[in-house]
There are 2 protein chains.
Amino acid sequence: MVKAKAFILHKRFVGEPKASDLKLVEEDLPPLKDGEFLAEAVYLSVDPYMRAYADRLPLGNTFIGIQVALITESKHPKYQVGKHVVGSFGWRTHTISNGVSVAGDVPILILPDLGELPVSLGVGILGMPGNTAYFGFLEICKPKAGETVVVTGAAGAVGSHVGQIAKIKGCKVIGIAGSDEKNKWLKEELNFDHVINYKTQDVEAELKKAAPDGVDCYFDNVGGEISTIILNQMNLFGRVSVCGAISGYNNRNIKAGVVQFPLVFRQLKMEGFMVLRWTDRWMEGILQNLAWIKQGKLKYRETITVGFDKMFNAFVDMLRGVNQGKAVVKI
Amino acid sequence: MVKAKAFILHKRFVGEPKASDLKLVEEDLPPLKDGEFLAEAVYLSVDPYMRAYADRLPLGNTFIGIQVALITESKHPKYQVGKHVVGSFGWRTHTISNGVSVAGDVPILILPDLGELPVSLGVGILGMPGNTAYFGFLEICKPKAGETVVVTGAAGAVGSHVGQIAKIKGCKVIGIAGSDEKNKWLKEELNFDHVINYKTQDVEAELKKAAPDGVDCYFDNVGGEISTIILNQMNLFGRVSVCGAISGYNNRNIKAGVVQFPLVFRQLKMEGFMVLRWTDRWMEGILQNLAWIKQGKLKYRETITVGFDKMFNAFVDMLRGVNQGKAVVKI
């Protein structure tokens with residue numbers, strides 16, 4: 001009999017999540033039926049959206065999340081033992097699946113052959129965060145060569161990726177992140193044109209210096225006051241892709257300067273999205289990102305925490321911005 | 001010699017404009033040159049945008065605004081004596097023009113024959129505010145029959161017009177305005193489905209009752225907290241047309257609940273606009289609105305103040321929301 005460990009949502013998060021809000025449980029999994037396979041988690045993802053979506057998850061449910069898992073048993077012709085799958089199985093070590101994802105959720109994919117690249121990328125730059133950057137930036141911001149692009153949460157999995165796509169598209173890129181160490185990485189390794197440390201610098205003044213001709217595209221991971229400051233420096237007909245609002249996930253009651261002023265006077269277009277709207281084009285994003293990695297145009301960094309029992313710590317560290325690039329937990 | 005009276009911007013507005021911020025001056029106009037005509041103001045418009053745009057107007061300049069004027073002298077073959085023109089001449093009684101509007105400004109139009117309708121409509125429902133409603137709502141919200149539409153500033157020139165277009169398009173319309181008298185007009189004469197008085201009612205609770213299935217389109221005239229409340233009740237893929245932010249024109253430092261939460265989770269599209277982006281389709285809007293008036297589908301109300309010396313009072317009353325429908329000053 002296979003024993004699965006899982007974290008369930010035990011109490012509603014209030015402010016920053018507490019370890020006691022989740023509970024580690026053990027389950028005995030039943031034997032496989034025809035059409036099912038057993039997947040053993042190898043890498044689990046922790047992402048900002050989990051904090052926001054947890055508010056909708058019924059108490060007692062397995063906490064949400066995507067993982068790369070190895071198929072260790074199978075009674076499904078397509079999902080063969082030894083293959084890796086990427087699935088929205090939640091925070092659990094072992095999962096029985098029939099390959100069908102929950103309606104409206106990320107599809108359960110057999111990971112394509114990544115060659116020498118680590119399979120962990122299946123929950124990172126070659127998975128949901130990678131597609132979030134690819135579709136969310138290109139489809140909504142529609143960047144043109146020569147334009148100026150600002151990215152917040154710039155050292156995160158999605159932000160660092162968006163900035164590099166913007167460079168690939170010939171844009172000038174300004175990244176805003178929360179430490180000098182992150183910014184050094186963005187500038188020196190990822191070739192961002194300018195970086196701003198929002199914790200130690202005056203974003204309004206620094207952005208004026210970095211973008212004296214204004215901002216054309218803004219990829220918004222944070223929401224709140226920093227976003228309003230950026231909107232107020234945008235050019236006529238600028239485009240804003242709203243990916244997240246991490247500045248307020250722990251406190252939805254925050255207020256910020258009113259966005260309608262710059263929206264009207266600069267005639268901005270601002271659109272929020274969830275990457276699942278592009279599930280029908282899912283492989284397009286993964287394959288393009290893979291091609292860019294192989295061409296040396298797209299770099300990534302992972303912050304890896306080891307041990308399933310460390311899931312919560314990795315999650316809270318990510319919310320606090322401790323990670324650079326993608327935060328993952330290795331079993 | 002023709003003497004023109006004009007209001008010039010004397011001091012920067014701080015908070016609500018004061019009468020002493022403007023100065024009434026007299027000018028002697030020179031004789032007409034070839035290609036010029038003299039236009040005598042008949043109706044002058046006061047609009048919310050004036051408060052916002054005044055911040056960019058150099059001190060000493062004639063205060064901004066559109067008027068319907070009668071051509072009383074002409075040395076221009078196209079602009080004949082006895083015709084009415086609509087022009088962005090500012091707050092002045094007499095203007096010498098060559099028919100060319102300032103780049104990027106509203107075109108100077110010879111008013112088409114309105115039959116029995118008053119020429120004042122040239123600065124209202126058949127002018128800039130009318131086109132603001134027509135293009136700003138239809139092009140950005142793209143309403144579909146059966147959808148639920150919310151309009152703020154609903155009893156103003158633009159808001160009352162947008163609500164009626166939404167009804168013409170088969171939508172359910174909820175208007176939010178600041179007095180029961182206004183709301184009575186919207187409901188009983190303009191056939192809005194629901195009305196909310198934001199000064200005396202709980203907008204969040206009332207909107208839940210009026211739109212139990214959520215809001216699909218929002219035409220935003222006010223910005224600020226009320227807009228955030230509405231965004232939080234929108235449906236997936238809702239559209240928001242941002243026309244103005246009158247709630248904050250007197251105090252740009254107001255803060256409101258963060259819009260990025262609903263934008264992301266409901267995947268909303270929010271776009272600000274200025275009507276001048278549609279100058280190439282200007283007559284389309286005017287003629288459609290005229291047709292709807294003649295068909296009895298589109299009603300209007302004007303709040304008319306008499307006397308050029310009362311311009312400032314009409315302006316501040318409009319900012320305070322005293323008017324119903326279009327606020328104009330009759331000479």
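**Notes on the two-chain model**

1. Let me start where the chains meet. β13(A) and strand β13 (residues 255-257) of chain B run antiparallel and are joined by three bridges. One pairing to look up is A:Gly257, whose bridge partner in β13(B) is B:Lys255. Please keep in mind throughout that this is a predicted model.

2. Which strands make up the open sheet of 12 strands? Its order is β10(A)-β9(A)-β8(A)-β11(A)-β12(A)-β14(A)-β14(B)-β12(B)-β11(B)-β8(B)-β9(B)-β10(B), and the pairing is mixed. β10 (194-197) of chain A and β10 (194-197) of chain B are the edge strands, each pairing on one side only. On average, neighbouring strands in this sheet are turned by 15 degrees against each other, direction ignored.

3. Within chain A, strand β12 (residues 234-242) runs parallel to strand β14 (residues 269-272), and four bridges join them. If you want a residue pair to check on screen, A:Val240 has A:Met270 in β14(A) as its bridge partner.

4. On to the domains of chain A: domain 1 covers 2-124 + 300-330, and domain 2 covers 128-275. Their centres, taken over C-alpha atoms, are separated by 28 Å. Domain 1 of chain A brings 16 residues to the contact, and domain 2 of chain A brings 14 residues. Helix α1 (residues 49-53) of chain A supplies three residues, the largest share of the domain 1 side. That side of domain 1 divides into six nonpolar, five polar and five charged residues.

5. Last, a helix pair in chain B. Helix α2 (residues 128-141) and helix α3 (residues 157-168) of chain B pack at an angle of about 45 degrees, with their axes 9 Å apart. That angle makes α2(B) oblique to α3(B), and the crossing is right-handed. The α2(B) residues in this contact include B:Tyr134, B:Phe137 and B:Leu138, while those of α3(B) include B:Val158, B:His161 and B:Ile165. By class, the contact of α2(B) with α3(B) has nine nonpolar, three polar and no charged residues.

Terms used:
Residues numbered from 1 in each chain as written. Chains lettered and ligands numbered in written order. Predicted model: local features only at pLDDT ≥ 70, side-chain atom pairs only at ≥ 80, totals over all residues. Axes fitted to C-alpha atoms, helices over the stretch in contact; angles between N-to-C directions. Helix = DSSP H or I, 4+ residues; strand = E, 2+ residues; numbered from the N terminus. Parallel < 35°, antiparallel > 145°, perpendicular 65-115°, else oblique. Left-handed = near helix turned anticlockwise from the far one by under 90°. Contact = placed C-beta atoms within 7 Å. Nonpolar A, V, L, I, M, F, W, Y, C, P; charged D, E, K, R; others polar. Domains from an automatic or database assignment. Pairing = 2+ DSSP bridges.
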